[in-house]
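Visitor: I'd like to learn how to read a structure feature by feature. Could you take me through one?
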Amino acid sequence: MVSMLQIIFSFILFFASCNRTSNNNPAPVPLPADTTFTNPLLQSGPDPWVIQKDTTYYYTNTFGNRISIYTTSKMSELKNATLTTIWTPPATGPYSKDIWAPEIHYLGGKWYVYFAADDGNNETHRIYVLENSSGDPVKGSWTFKGKITDSSDKWAIDASEFDYNGQSYLIWSGWEGSVNVSQNIYIAKLLNPWTIEGSRVMISTPTYPWEKMGWGGGLPTVNEGPEALINSNGELFITYSASGCWTDDYAIGLLSLKENGDPMNADDWIKLSTPVFSKKPENGAYGTGHNGFFKSRDGTEDWIIYHANSQAGEGCGNERNPRMQKFSWNADGTPNFGEPVKINYPIKKPSGE
């Protein structure tokens with residue numbers, strides 16, 4: 001005999017079946033558009049740099065034997081960007097080898113590239129300048145403007161230009177003398193994009209323990225990769241990379257210019273006693289440093305781009321890869337970079353992409 005419970009269960013199955021086959025069901029919800037990206041942006045890319053002009057980003061990094069530019073409208077899709085080689089050094093001579101840390105700048109309606117190079121001997125590293133009057137840096141022709149230095153003409157790498165209160169400045173990493181003891185951060189005024197006016201001033205030298213990791217065995221202490229950053233109140237900061245790039249402890253430090261300070265007065269610069277961005281092993285980020293900055297496509301967000309190694313002990317080689325993430329500002333006006341985002345972890349794309 002069929003029980004009342006069995007009858008009720010049969011009716012439930014019947015109506016459930018009807019509901020599944022009904023034509024009145026709503027249509028499936030479409031999957032959302034792709035709104036995220038993951039780090040790293042490229043498999044390799046030491047010393048990343050990016051500049052935006054109109055709706056186009058121009059990105060470069062250290063290639064060692066040439067200067068090449070990636071062109072893209074979306075930084076989150078850098079891996080799909082077109083790569084164009086704009087300059088190849090001569091086979092021999094003072095700027096023929098070890099082409100390091102090129103930076104592209106748009107100054108006075110022309111494009112300039114600052115880069116470091118030597119003749120195959122690191123002690124001869126100096127900074128050089130290229131110029132292009134084309135509206136597009138991957139078009140037209142590049143003219144070699146020569147070496148840029150002050151009268152000391154000492155070892156120099158990692159040049160970057162910035163404007164502050166109507167004056168153009170160059171900052172870089174260099175030696176005080178002719179012996180590789182310490183890399184310091186120097187600043188000088190620019191008469192024009194390829195000429196320094198007056199003498200250099202040292203505004204930072206490695207002093208804290210976290211700036212001296214890797215020191216020993218004849219290796220130098222290191223401050224390098226300086227980059228200027230100005231907040232919405234017009235306050236000037238300079239980030240720099242400290243400790244040996246051959247260590248996992250390569251990290252980013254911060255200099256702040258005093259209120260109403262003079263960038264050419266070393267006493268007007270205040271160094272933060274702790275790094276502002278450093279390694280995060282559990283996120284696959286070792287040797288984080290040599291950064292740059294850019295705005296999101298719609299101009300509403302601030303982003304930092306930097307390189308890091310994905311594994312411990314990978315040193316200063318081509319394993320260093322470029323990464324980017326949004327940053328914010330603290331109540332006192334200083335930048336807050338947070339910590340390196342985990343590799344292969346979805347990150348929301350820059351606003352406007």
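Guide: Let's start with the largest cavity, whose lining residues divide into six nonpolar, two polar and four charged. Here Ala, Val, Leu, Ile, Met, Phe, Trp, Tyr, Cys and Pro count as nonpolar, Asp, Glu, Lys and Arg as charged, and the others, Gly among them, as polar. One caution: this is a predicted model, where local features need pLDDT of at least 70 and side-chain atom pairs count only at pLDDT 80 or more, while totals for chains, interfaces and linings use all residues. Residues are numbered from 1 along each chain as its sequence is written, and side-chain values use heavy atoms, with hydrogens and water left out.

Visitor: What is the volume of the largest cavity, and which residues line the largest cavity?
Guide: The general idea first: rolling a probe the size of a water molecule over the atoms shows where empty space is left. On a 1 Å grid over the protein atoms alone, a cavity is a set of points where a 1.4 Å probe fits but cannot get out; a pocket is an open set with protein on both sides within 12 Å along at least five of seven lines; and lining residues have an atom within 4 Å of a point. Grid points are joined across faces, edges and corners, and a volume is the space filled by probe spheres set on the points. In this protein, the count is one cavity of 30 Å³ or more, and the largest cavity holds about 60 Å³. Its lining includes I127, W155, W172 and R200.

Visitor: Which residues are closest to the centre of the largest pocket?
Guide: That pocket has about 700 Å³ of space. Its lining has 27 residues, and A228, L229, I230, F293 and F294 are the closest to its centre. Strands 2, 6, 10, 14, 18, 19 and 20 each give two or more residues to this lining. By class, the lining has 14 nonpolar, eight polar and five charged residues.

Visitor: And what lines the second largest pocket?
Guide: The second largest pocket has a volume of about 400 Å³. Of its 25 lining residues, W100, E224, C245, C316 and R320 are closest to the centre. Strand 6, strand 10 and strand 14 each provide two or more lining residues. The classes here are 13 nonpolar, eight polar and four charged.

Visitor: Let's zoom out. How many helices and strands are there?
Guide: Helices (H or I, at least four residues) and strands (E, at least two) are DSSP runs, numbered from the N terminus. The protein has one helix and 22 strands, and its C-alpha trace spans about 105 × 45 × 40 Å along its principal axes.

Visitor: What does a hairpin look like here, for example between strand 2 and strand 3?
Guide: Strand 2 (49-53) and strand 3 pair antiparallel over five bridges, with Q52 opposite Y57. Two residues lie between these strands, and D54 in the turn has a positive phi of about 60 degrees. Strand 3 makes another hairpin with strand 4, this time with six residues between them and G64 in the turn at a positive phi of about 90 degrees. Three bridges join strand 3 to strand 4 (67-72), and Y57 stands opposite T72.

Visitor: Is strand 3 mostly covered or mostly open?
Guide: Buried means under 20% relative accessible area, exposed over 50%, and partly exposed in between (1.4 Å probe, protein chains only). Strand 3 (56-60) is mostly covered, with four of its five residues buried. Across the protein, buried residues make up 49% of the 353 residues.

Visitor: Which residues touch the most other members of the largest nonpolar core?
Guide: In soluble globular proteins, nonpolar side chains tend to be buried together. A nonpolar core is a set of buried Ala, Val, Leu, Ile, Met, Phe, Trp, Tyr and Cys residues joined through side-chain atoms within 4.5 Å. The largest one has 17 residues, of which F162, I187, I203 and W269 touch the most other members. Strand 15 gives the largest share, four residues.

Key. Two strands pair if DSSP finds at least two bridges between them.
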